[in-house]
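Notebook open, model loaded. I went through a handful of local features and jotted down what turned up.

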Amino acid sequence: MKKLLFAILSSLLVFILAGCGENEKEQKSEKKVLKVGMELAYPPFEMSDKDGNPSGVSVDFAKALGKYLGRDVVIENIAWDGLIPSLKTGKIDLIISSMTITDERKKSIDFSIPYAQSSLAILANKDSGIKSIDDLNVKGKTVAVKKGSTGHIYAKEHLPNANVLVFDKEAACVLEVVQGKADGFIYDQLTIYKNYAKHMDTTVPLLQPFQKDFEYWGVALKKGSPLKADVDAFIKKAKEDGTFDKLANKYLSDAKKTFDKLNIPFFF
């Protein structure tokens, strides 16, 4: 009877230890995965390649960060409005999606140190007569903005006389301008330049900054995330070792030449 009881207990112990071992393996494996949220609808920063795989500046940036942290990177394609909720609920570890650091956002999430700078610009319809931001703040003028973007915030605060059209997608805003339904689209400089390059016959890019201060992009993290110190350290390193210069040369070479020609501070 004792031998039988001993055998049962021994088997049970082996089963429990095996289970603990598997749990530990799963936990270790899970810890190695870095879940990065971004909306793959903003080329050349966040996009999909011809095979449907995540691609772009932010994707390469995320992979370099994962390598630095010793963690495998999984890109989660999430609609813009769902990024911060996904971060706060723990669905993702951080956001790298061309997100501007704002005081409002900092109320609910943390940000890394800035890794890029930008300013708002205008994509104007060629026949609109728009030459400056003041030309848009006129009764009868129509402005297209992407919902939740800093361009949307700016329009609400500074363009009370304009008719503001709000869309979920950048492409919809551009189409309004191309078709002449909107006089201008307010977004960051690089996006404006990129869309002008596609629609030279119908649009004009007004790239000179009209804000007092630059906007800064950062990696978004959950409040109190232990990753922040390491992310900050990586960004400092990437600025010093040429990582960001390589990304600019790979994805943004034409834009950089234009910005340099216009004497506008470049993104990185």
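This is a predicted model: local features need pLDDT of at least 70, side-chain atom pairs count only at pLDDT 80 or more; totals for chains, interfaces and linings use all residues.

I began with a charge over a ring. The charged end of K256 sits over the ring of F266, and the distance to the ring centre is 5.7 Å.

**Aromatic pairs.** Next I searched the whole structure for aromatic pairs and got 16. One of them is F61 with F234, which is stacked, with 5.8 Å centre to centre and 15 degrees between the planes. I checked where the two partners sit: F61 is in helix α2 and F234 in helix α8, so this pair ties together parts that are 173 residues apart in sequence. Buried or exposed, I asked for F61? F61 has a relative accessible area of 3%, and that makes it buried, since the cut-off is under 20%. F234 comes out at 4% relative accessibility, so I put it down as buried too.

I then looked at Y115 and F244, another stacked aromatic pair, at 6.2 Å centre to centre with 5 degrees between the planes. This pair also links distant parts of the chain: Y115 is in the loop between β6 (110–111) and β7 (116–118), F244 is in helix α9, and they are 129 residues apart. Both Y115 and F244 are buried.

Which residues form one aromatic cluster? My list reads Y42, F45, F61, Y68, Y115, F185, Y187, W217, F234, F244, F267 and F268. So the members of both stacked pairs I noted, F61 with F234 and Y115 with F244, turn up in that cluster.

**Helix α2.** Since F61 lies in α2, I gave that helix its own entry. It runs over residues 57–69, which is 13 residues. I noted V57, S58, V59, F61, A62, L65 and G66 as its buried residues. What do these buried residues pack against? They pack against the strands β1 (33–38), β3 (54–55), β4 (72–77) and β5 (94–95), and against the helices α8 (228–240) and α9 (243–251). Just after α2, G70 takes a positive phi of about 70 degrees.

**The sheet.** I traced an open sheet of 5 strands in the order β4-β1-β5-β14-β6, with mixed pairing. Its edge strands are β4 and β6, each of which pairs on one side only. Further in, I looked at β1 and β5, which pair in the parallel sense over 2 bridges. For V36, the bridge partner in β5 is L94.

As a reminder to myself, most residues other than glycine have a negative phi, and most peptide bonds are trans. P43 and P44 are joined by a cis peptide bond, with omega at about 5 degrees. I placed P44 in the loop between β1 and β2 (47–48).

S98, not a glycine, has a positive phi, near 55 degrees. S98 is in the loop between β5 and β6, and at 7% relative accessibility it counts as buried. N263 is not a glycine either, yet its phi is positive at about 60 degrees. I found N263 in the segment after α10 (253–261), and at 68% relative accessibility it counts as exposed.

Terms used: Residues are numbered from 1 along each chain as its sequence is written. Side-chain values use heavy atoms; hydrogens and water are left out. Helices (H or I, at least four residues) and strands (E, at least two) are DSSP runs, numbered from the N terminus. The expected span of a helix is 1.5 Å times one less than its number of residues. Buried means under 20% relative accessible area, exposed over 50%, partly exposed in between (1.4 Å probe, protein chains only). Contact means heavy atoms within 4.5 Å. Rings of Phe, Tyr and Trp (its six-membered ring) pair if their centres lie within 6.5 Å; planes under 30 degrees apart count as stacked, over 60 as edge-to-face and the rest as tilted. A charge sits over a ring if NZ of Lys or CZ of Arg is within 6 Å of the ring centre and within 35 degrees of the ring normal. Two strands pair if DSSP finds at least two bridges between them.
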